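This briefing is meant for a reader who is meeting the structure for the first time. Please look over the sequence and the model below, and then follow the points topic by topic.

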Amino acid sequence: MAIKVILTPLFGVPSDEAALATALAVAQKFSAHIDVMHIRADPRTMIPYIGEGMSGALIEEMIASAEQQAEERAKRVRQTFDNWQAKAGLALGDSAANAPNCAWIEDTGRPDACIARRGRVADVVVIARAEGENAATTITETLEAALMDSGTPLLVAPAGAPETVGGHVAVAWNGGLEAARAVTAAMPFLKGAEDVTILTVGDPCPPEATQEALAGYLANHGVKARIRNLEAGDESMSATLLSAAREANADLMVMGAYTHSRLRELVFGGVTYEVLAAADVPILMAH
């Protein structure tokens, strides 16, 4: 299946620009439509959490302040979208019939829930990476909701705007369910890539789904892939994978996400969190 509909949420933070640049690169590659979406948080949904022990006047004051902040953020996000659209030269449209084009969508609610539901009618969700910003918690929650609840693959933009996406693809492979879903989701990129490298660390694969078996599967889809078996040594698995991806000149890494539970990865750390924190290329993820 080709990529024809891209959903890109914006949060009013500097990394929005990298998300838009990543979405544009994908749209140009596949002649796709981009839905750019901003969700205003509804301060009144916070009353059950902040209202206990507070006077009505204080609650109303807090809600008014939050609404003003939401309004200012919405104006900032819309300006970012307008500037990007003008610079990219994209026409406004509501379908991929004359793509690449884009549309602006604004709603009010919980960003994580709204984006997860909207993602169910997109081919990929392109999202900024959370890094040291006021909206980091909101971005992280939205990222996880899109990944876990939309049924759609997630493309996480790097900190800097990429010039290309998917010319050279690195696939992090362990033979697991999540990795298999990521490969299936990435097939449009893999079929169009100039170079594909399968990366494994140690010997994690089950005998039925080895790296050689994956290479054979991809060959049946017309994708020629080379295999690199890596040893972590003193580095973490994530550092080893990212180093190998850089050596392969990858402009896209494909990987499964949350092989362990999200709680376990949050508490103990994990490849998903470590790769997202350190990657300088877009990461296509599926769970």
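Which strands does α1 lie across, and at about what angle does α1 run to β1? Helix α1 lies across β1 (5-9), β2, β5 (124-127) and β6 (154-156), and runs at about 175 degrees to β1, where axes are lines fitted to C-alpha atoms, for helices over the stretch in contact, and angles run from 0 to 180 degrees between N-to-C directions. This is a predicted model, in which local features need pLDDT of at least 70 and side-chain atom pairs count only at pLDDT 80 or more, while totals for chains, interfaces and linings use all residues. Residues are numbered from 1 along each chain as its sequence is written, and side-chain values use heavy atoms, with hydrogens and water left out.

**The chain as a whole**

- The secondary structure of the protein chain comes to 11 helices and 11 strands, where helices (H or I, at least four residues) and strands (E, at least two) are DSSP runs, numbered from the N terminus.
- Of the 287 residues of the protein chain, 50% count as buried; buried means under 20% relative accessible area, exposed means over 50%, and partly exposed lies in between (1.4 Å probe, protein chains only).
- The accessible surface of the chain is about 13,600 Å², and 50% of this surface belongs to carbon and sulfur atoms, with areas taken from the Shrake-Rupley method with a 1.4 Å probe and, for residues, only the protein chains shown counting as cover.
- Among contacts in the protein chain with a separation of 6 or more, 77% are between residues 24 or more positions apart, a contact meaning heavy atoms within 4.5 Å.

**The sheet**

- Strands of a sheet pair through backbone hydrogen bonds, either parallel or antiparallel.
- The 11 strands of an open sheet with mixed pairing follow the order β3-β4-β2-β1-β5-β6-β11-β10-β7-β8-β9, two strands being paired if DSSP finds at least two bridges between them.
- Strands β3 and β9 (225-230) stand at the edges with a single partner strand each, so one side of each is left without a neighbour in the sheet.
- Helix α8 (residues 211-220) lies across β7, β8 (195-201) and β9, and runs at about 165 degrees to β9.

- Strand β7 (residues 168-172) pairs with β10 in the parallel sense over 3 bridges, and Val-171 has Val-254 as its bridge partner in β10.
- Strand β11 (residues 283-286) also pairs with β10 in the parallel sense, over 4 bridges, and here Val-254 stands opposite Leu-284.

**Packing and cores**

- The largest nonpolar core has 45 residues, of which Ile-6, Ile-34, Trp-84 and Leu-190 touch the most other members; such a core is a set of buried Ala, Val, Leu, Ile, Met, Phe, Trp, Tyr and Cys residues joined through side-chain atoms within 4.5 Å.
- The largest share of this core, 7 residues, comes from α1.
- A second, separate core of 37 residues includes Leu-7, Cys-114, Ile-139 and Leu-154.
- In helix α4 (residues 111-118), the buried residues include Cys-114 and Ile-115, and the buried residues of α4 pack against β1, β2, β5 and α5 (136-149).

**Individual residues and backbone details**

- A cis peptide bond, with omega about 5 degrees, joins Ala-99 and Pro-100, and Pro-100 is found in the loop between β3 (91-92) and β4 (101-108).
- Ser-31, in the loop between α1 (16-30) and β2 (33-40), has a positive phi near 50 degrees although it is a residue other than glycine, and Ser-31 counts as partly exposed at 26% relative accessibility.
- Asn-249, in the loop between α9 (237-247) and β10 (252-256), has a positive phi near 55 degrees and counts as exposed at 58% relative accessibility.
- Ala-66 has its place in helix α3 (residues 56-88) and is partly exposed, with a relative accessible area of 24%.
- Ala-66 and Ala-41 are 25 residues apart in sequence and 8.8 Å apart in space, C-alpha to C-alpha.
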